[in-house]
Amino acid sequence: MSLKRQMVAAGFALFRRAGLHRLAGDGLRGRGVILTFHRVRPADDKEFAPNALLEITPGFLDAALTRLRASGLDIVTLDEALRRLVSGEGARFAVLTFDDGFRDLAEHALPVLERHRAPFMAYIAPGLASRTARLWWVELEEAVRRLDSIELGRQIFLTRDAREKSAAFEKIYWFLRAQGEQALLDGVAVLRDRAGVDPADLVDRLCLDWDGLRRLATSELAGFGAHSMTHPRLRQIAEDQARAEMACSREVLERELGRSCPHFAYPVGDPSSAGPSEFALAEKLGFASAVTTRPGMIFPEHAAHLHALPRVSVNGLWQDIDSLDILLSGAPFLLWNRGRRVNAA
Ligand SMILES: [Zn+2]
């Protein structure tokens, strides 16, 4: 288990034992929460699953939606949540957001969402729908799965079994994440080619194409937001490039789906991928809102920071209602954000 995962595990255990999260009032829980989901599919129990944090089962989605409503949260559209945030009216809310337009959103998540009559927002990168962008983090996973050893710079990683593969993935992933966007893409491409992974085939297998997205759009529960053209970390590319990525993704999405898509999600979305200049850019380009992956609840103060909204990721490594309750209490984020309600710097 990685150090970070051990620390999160220790944190959850501490909250669970002490019951601290049950003492949290609305001061920590805020006006509501925007939840992040990626993949939803039945568990496949692969031993090497470095992206498992990005997927939950349909059964857990079902249980989570029941729990949200039982906790007094209204599951609403992003537009309705922003209206409540700005006006100060209405009950506490939860917004469900799904990133990247994976096929399993239509196949496994939609039936659950429909059963709960729960509206949701899908953030789509047109380059994935058109098969011209890359799921580099999945390419890396596939490469590590197939190779028995990996040479990177002067280092050689043995990747013969699940334990070695997991350890190598963690090191290689963060080594590449520390590089600029092109170096990251090039670095993954070398390993992927060596392993014989076809990047377009990967996207085709995992992501909805335009026909699939248009079918999804026939559900009255579905909302769509832009997620850049090719899914780069916007802070790691030139400003004019970032501007084009953001503006074009909205234009193409609106043209292909024939509806307005005024909301944006920053790809990757952590502080190294989106900061104050990207927040300002999203506002200048006329987006109604933009979400990050910085963790936190939505507080009244966020009405003045609609282009730097935090989200709470429903993490596949912690698929139990206890952990969800701890997240929904807002208590872990207050610690994470060192007492700040707004983290937009
Ligand atoms: Zn994404």
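**View 1. The zinc ion is coordinated by Asp100 (OD), His227 (NE2) and His231 (NE2), at 2.1 Å.** Donors are N, O and S atoms within 2.8 Å of the metal (3.2 Å for Na, K and Ca), and water is not among the atoms, so sites may look incomplete. The model is predicted: local features need pLDDT of at least 70, side-chain atom pairs count only at pLDDT 80 or more, and totals for chains, interfaces and linings use all residues. Residues are numbered from 1 along each chain as its sequence is written, and side-chain values use heavy atoms, with hydrogens and water left out. Along the sequence, the donor residues of the zinc ion follow the spacing D-x126-H-x3-H. Asp100 lies in the loop between strand S5 (93-99) and helix H6 (103-115), and His231 in the loop between strand S9 (222-226) and H13; the pair, 131 residues apart, links distant parts of the chain. Helices (H or I, at least four residues) and strands (E, at least two) are DSSP runs, numbered from the N terminus. Asp100 and His231 are both buried, where buried means under 20% relative accessible area, exposed over 50% and partly exposed in between (1.4 Å probe, protein chains only).

**View 2. Ser228 has a positive phi near 75 degrees and is a residue other than glycine.** Most residues other than glycine have a negative phi. Ser228 sits in the loop between S9 and H13. With a relative accessible area of 0%, Ser228 is buried. Its C-alpha atom is separated by 8.5 Å from that of Ala244, 16 residues apart along the chain. Ala244 belongs to helix H13 and, at 35% relative accessibility, counts as partly exposed.

**View 3. Arg117, not a glycine, has a positive phi of about 50 degrees.** This residue is found in the loop between H6 and strand S6 (120-124). Its relative accessible area is 48%, so Arg117 is partly exposed.

**View 4. Helix H13 (residues 239-257) and helix H14 (residues 276-284) have axes that come within 11 Å and cross at roughly 45 degrees.** Axes are lines fitted to C-alpha atoms, for helices over the stretch in contact, and angles run from 0 to 180 degrees between N-to-C directions. H13 and H14 are therefore oblique to each other; angles under 35 degrees count as roughly parallel, over 145 as roughly antiparallel, 65 to 115 as roughly perpendicular and the rest as oblique. The crossing of H13 past H14 is right-handed, meaning that the near helix is turned clockwise from the far one by less than a right angle. On H13, Glu239, Ala242, Arg243 and Met246 meet Glu278, Leu281, Ala282 and Lys284 of H14; contact means heavy atoms within 4.5 Å. Four of the residues in this contact of H13 with H14 are nonpolar, none polar and four charged. Ala, Val, Leu, Ile, Met, Phe, Trp, Tyr, Cys and Pro count as nonpolar, Asp, Glu, Lys and Arg as charged, and the others, Gly among them, as polar.

**View 5. Helix H8 (residues 136-146) and helix H11 (residues 199-206) have axes that come within 10 Å and cross at roughly 110 degrees.** That angle makes H8 roughly perpendicular to H11. H8 passes H11 in a right-handed crossing. Val138, Glu139 and Glu142 of H8 make the contact with Pro199, Leu202 and Leu206 of H11. The residues of the contact of H8 with H11 comprise four nonpolar, no polar and two charged.
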